[in-house]
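This report describes a protein model for a reader who is meeting its fold for the first time. Please keep the sequence and the structure in view while reading.

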Amino acid sequence: MNEKNFEYLRNQVKYTGFGEGLDNELKEKMQQQTSNFTLNHEVLYGVDRAKATLSFKKSDQSEMYFFNSYKVDLQKDNSKESLEQTFYINKGSNITMKEAYNLMEGRAVNKELTNKEGQLYNSWLQMDFKKTDSNGNFKLNQYHQNYGYDLEASLRKLPIKELETPKYKEDLMDSLKRGNLQSATFLKDGEEVKQFVEVNPQFKTMNVYDTNMKRIDNIEAKVEKQSEGEKASVKQSNKKQGASADNEEPDIPKEVKKRVRKQSNSI
C-alpha cells in the first residue's frame, strides 16, 4: 500500500465532510489491493437520515487509488421514498456531505469551481428536480458571478440585527454560502424576532421563514415598498410645503394694497 496515497485520500475524505471515522476501514481496503471498493457513512440531520456510499477505484497503471464519487441516499422523516444523488470528486473545491444534503433539500450552495481551461470562477449551485442527466442525477443549475446575484446587498434589504456586527455578518454569510437554513434576529417595531433565512440566487433574493418554518412571502419587496412609501411621503410633504410657500403673498402694507387696487380700477 502506498502510504502517501493513503494520507492523501484520508485528508480528502475528511475535508469532504466525512470526518476521520473511516480511516481504519480505508487503510484495510487499500491493503487488500482490489480494483475498487466502497465505504459507507451515515448521518442524521435533524430527523432526516442521509446514507453516503463513497466509491474508490485503483489506477490501471499503478497501485494508486482515487476517490471518485459518493452517492447520497436521503430519507426524509415525513416521506416513504428516498432521494438519491451522486456527487463527483474534483481536483478543486468538492461539494461536502453537508452541502450535498442542503442541495438535496433544494437550497443553494456557493462554490469556487474550475472551468475546462482550468480557471477558477465563483458560482451558486442549486438542484433542478425537474431535470435529470443520463446517469439519473438531478441537474445542478449554476448562477455564476456574471448572473449578478449579490448576497450582501440582498441581506441589506432585511432588518437583520447580525448585520450590524462585522463578525456576526461574516458568520451569517458564510453559513448561507454553505447552503444552510440560518437563524437570524429580525428587528420589528422595536422588538427582536427570531426567523430563518436561506439564499434564492435564481430570483436574486432571500427566502424568509418564521419559527414554524412557514414561508414569509416577498419580505424584501415589502421592506422596499415601505422604504419607497416613506420616501414618497417625505417628497410629497416637501412638495406641498413648496406649493404653499409659492401661494403665500409677501407681507405688503395695507396702504400699498389699497393704492394698487385703486390704480387698477382707474385703468
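## A covered helix

Helix 3, which spans residues 97-104, is mostly covered, with 7 of its 8 residues buried. The buried residues of helix 3 are Met 97, Glu 99, Ala 100, Tyr 101, Asn 102, Leu 103 and Met 104. Helix 3 is followed by Gly 106, and the phi angle of Gly 106 is positive, near 95 degrees.

## The model as a whole

The structure is a predicted model. The secondary structure of the protein consists of 7 helices and 11 strands. Of the 267 residues in the protein, 34% are buried. Among contacts between residues at least 6 apart in sequence, 40% join residues at least 24 apart.

How confident is the predictor in this protein? The average pLDDT is 84, and 80% of the residues score at least 70. Over residues 224-234, however, the pLDDT is below 50, and this stretch has 1 contact in the model beyond near neighbours in sequence. Residues 243-267 also have a pLDDT under 50, and the model shows 2 contacts for them beyond four places in sequence.

Strand 1 (residues 36-45) pairs with strand 2 (residues 48-58) in the antiparallel sense, over 10 bridges. One of the bridges joins Glu 42 to its partner Lys 51 in strand 2. The hairpin of strand 1 and strand 2 has 2 residues between the strands, and Gly 46 takes a positive phi there, near 70 degrees.

Strand 2 also pairs with strand 3 (residues 65-75), again in the antiparallel sense and over 10 bridges. In this pairing, Ser 55 has Ser 69 of strand 3 as its bridge partner. The hairpin that joins strand 2 to strand 3 runs through 6 residues.

## Aromatic rings

The structure holds 9 aromatic pairs. Why does the pair of Phe 37 and Phe 56 count as stacked? The centres of the two rings are 4.9 Å apart and their planes lie at 15 degrees; planes under 30 degrees apart count as stacked. The pair links distant parts of the chain, for Phe 37 belongs to strand 1 and Phe 56 to strand 2, 19 residues apart.

Are these two residues buried or exposed? A residue counts as buried when its relative accessible area is under 20%. Phe 37 has a relative accessible area of 5%, so Phe 37 is buried. Phe 56 has a relative accessibility of 2% and therefore counts as buried. Together with Tyr 65 and Phe 67, Phe 37 and Phe 56 form one aromatic cluster.

Strand 6 and strand 7 (residues 138-144) pair in the antiparallel sense over 7 bridges. Within this pairing, Met 127 has Leu 140 in strand 7 as its bridge partner. The hairpin of strand 6 and strand 7 has 5 residues between the strands, and Gly 136 takes a positive phi there, near 85 degrees.

Asn 122 is located in strand 6, which covers residues 120-132. Which residues does Asn 122 touch, not counting residues up to four places away in sequence? The residues touched are Asn 110, Lys 111, Glu 112, His 144 and Gln 145. Two of these contacts can be described further. The side chains of Asn 122 and Asn 110 are joined by a polar contact of 2.9 Å, and the side chain of Asn 122 makes a polar contact of 3.0 Å with the side chain of Glu 112. As for Gln 145, its C-alpha atom is separated by 5.8 Å from that of Asn 122, although the two residues are 23 residues apart along the chain.

Asn 200 has its place in strand 9, which comprises residues 191-200. The relative accessibility of Asn 200 is 10%, so Asn 200 counts as buried. Not counting residues up to four places away in sequence, Asn 200 touches Tyr 149, Thr 205, Met 206 and Asn 207. With Asn 207 there is a polar contact between side chains, at 3.2 Å.

Another arrangement involves a lysine and an aromatic ring. Lys 204 lies over the face of Tyr 147, at 4.9 Å from the ring centre.

Note on methods: Residues numbered from 1 in each chain as written. Heavy atoms only, no water. Helix = DSSP H or I, 4+ residues; strand = E, 2+ residues; numbered from the N terminus. Contact = heavy atoms within 4.5 Å. Polar contact = N/O pair within 3.5 Å; in protein donor to acceptor, adjacent residues only side chain to side chain. pLDDT = per-residue confidence, 0-100. Buried < 20%, exposed > 50% of the residue type's maximum accessible area, 1.4 Å probe, protein only. Pairing = 2+ DSSP bridges. Phe/Tyr/Trp six-rings, centres within 6.5 Å; stacked < 30°, edge-to-face > 60°. Lys NZ or Arg CZ within 6 Å of the ring centre and 35° of its normal.
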